[in-house]
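Subject: Structure handover

Hello,

Here is the structure I said I would pass on. My notes on it follow below.

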Amino acid sequence: MNTSENKKSSDNICEDCGAVVAEGKAGCLKLFEEILAREFSDYRYGKIHRLTVDAYSLQHPDAYMRSGKSFAAHLTGIYTALESEDALAVNQTVQKWLSTNPKFDKPARLPEQRGNIKVTYIYSAVDADEHSKRVQEWARDVWSAWSEYHALAKRLVGEATTKINNS
Ligand SMILES: [Zn+2]
């Protein structure tokens, strides 16, 4: 019997995204924070910052999508980054809409499998170009894991656009 070994191996997996990383969930968060620091200190990395945050949030919804507002912000953020022509303008519209505290109930059930690519893949990028490419790949992978919620993302953006343009 070697229960300490078993415990040790499960401790090295992030319970939210499944990343294999020392200290599990805490270690996963540390990698994310180091990536954010890289994005803040170097604009070549920073260009894709918003998508990094959205992808990580969709893989860790317990921490980052707890409220209806944060749920809507990250879900529509990744949706517009990947599927809209003018993500910046759409995100601004959504932000304005969310700042009016629209009534919105977060779905009770969220995906259990939230993508194959993990934050470790982003962390090991060797330069800014690779970083951007990997964040894109990661976001697409996470987004496809959330396929059941694509229609909801579209609906929220539509609602935001209608409300803000008519106000
Ligand atoms: Zn994780």
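Two residues are taken to be in contact if their C-beta atoms, placed from the backbone, lie within 7 Å. Keep in mind that this is a predicted model.

With that cut-off, Val 142 touches Ala 55, Leu 58, Gln 59, Arg 114 and Gly 115, leaving aside residues up to four places away in sequence. Val 142 belongs to helix H9, which covers residues 128–145. Val 142 is buried, because 25 other C-beta atoms lie within 10 Å, and 20 or more are needed for that label. Between Val 142 and Asp 16 there are 13 Å in space, C-alpha to C-alpha, although the two are 126 residues apart in sequence.

Helix H2

Helix H2 runs over residues 24–41. An α-helix has 3.6 residues a turn, so residues three or four places apart point the same way.

Helices H6, H7 and H10

The 16 residues of H6 should span 22 Å at 1.5 Å a residue, and this agrees with the 22 Å between its end C-alpha atoms. The buried residues of H6 are Phe 71, Ala 72, Ala 73, His 74, Leu 75, Thr 76, Gly 77, Ile 78, Tyr 79, Thr 80 and Ala 81. They pack against H4, helix H5 (61–64), helix H7 (87–98), H9 and H10.

How do the axes of H6 and H10 cross? Helix H6 (residues 68–83) and helix H10 (residues 150–165) have axes that come within 9 Å and cross at roughly 100°. H6 is therefore roughly perpendicular to H10. On the H6 side the contact is made by Ala 72, Leu 75, Thr 76, Tyr 79 and Thr 80, and on the H10 side by Leu 152, Ala 153, Lys 154, Leu 156 and Val 157. By class, the residues of this contact between H6 and H10 are seven nonpolar, two polar and one charged.

H7 also meets H10: their axes come within 9 Å and cross at roughly 75°. These two helices are therefore roughly perpendicular to each other. H7 contributes Val 90, Thr 93, Val 94, Lys 96 and Trp 97 to the contact, while H10 contributes Val 157, Ala 160, Thr 161, Lys 163 and Ile 164. The contact of H7 with H10 divides into six nonpolar, two polar and two charged residues.

Two loop residues

Most residues other than glycine have a negative phi. Glu 23, however, has a positive phi, near 70°. Glu 23 sits in the loop between helix H1 (3–11) and H2, and it counts as exposed because it has 12 C-beta neighbours inside 10 Å. Asn 101 has a positive phi as well, near 50°. Asn 101 is in the loop between H7 and H8 and is exposed, with 9 other C-beta atoms within 10 Å.

Regards

Methods:
Residues are numbered from 1 along each chain as its sequence is written. This is a predicted model: local features need pLDDT of at least 70, side-chain atom pairs count only at pLDDT 80 or more; totals for chains, interfaces and linings use all residues. Helices (H or I, at least four residues) and strands (E, at least two) are DSSP runs, numbered from the N terminus. Axes are lines fitted to C-alpha atoms, for helices over the stretch in contact, and angles run from 0 to 180 degrees between N-to-C directions. Angles under 35 degrees count as roughly parallel, over 145 as roughly antiparallel, 65 to 115 as roughly perpendicular and the rest as oblique. Ala, Val, Leu, Ile, Met, Phe, Trp, Tyr, Cys and Pro count as nonpolar, Asp, Glu, Lys and Arg as charged, and the others, Gly among them, as polar. The expected span of a helix is 1.5 Å times one less than its number of residues.
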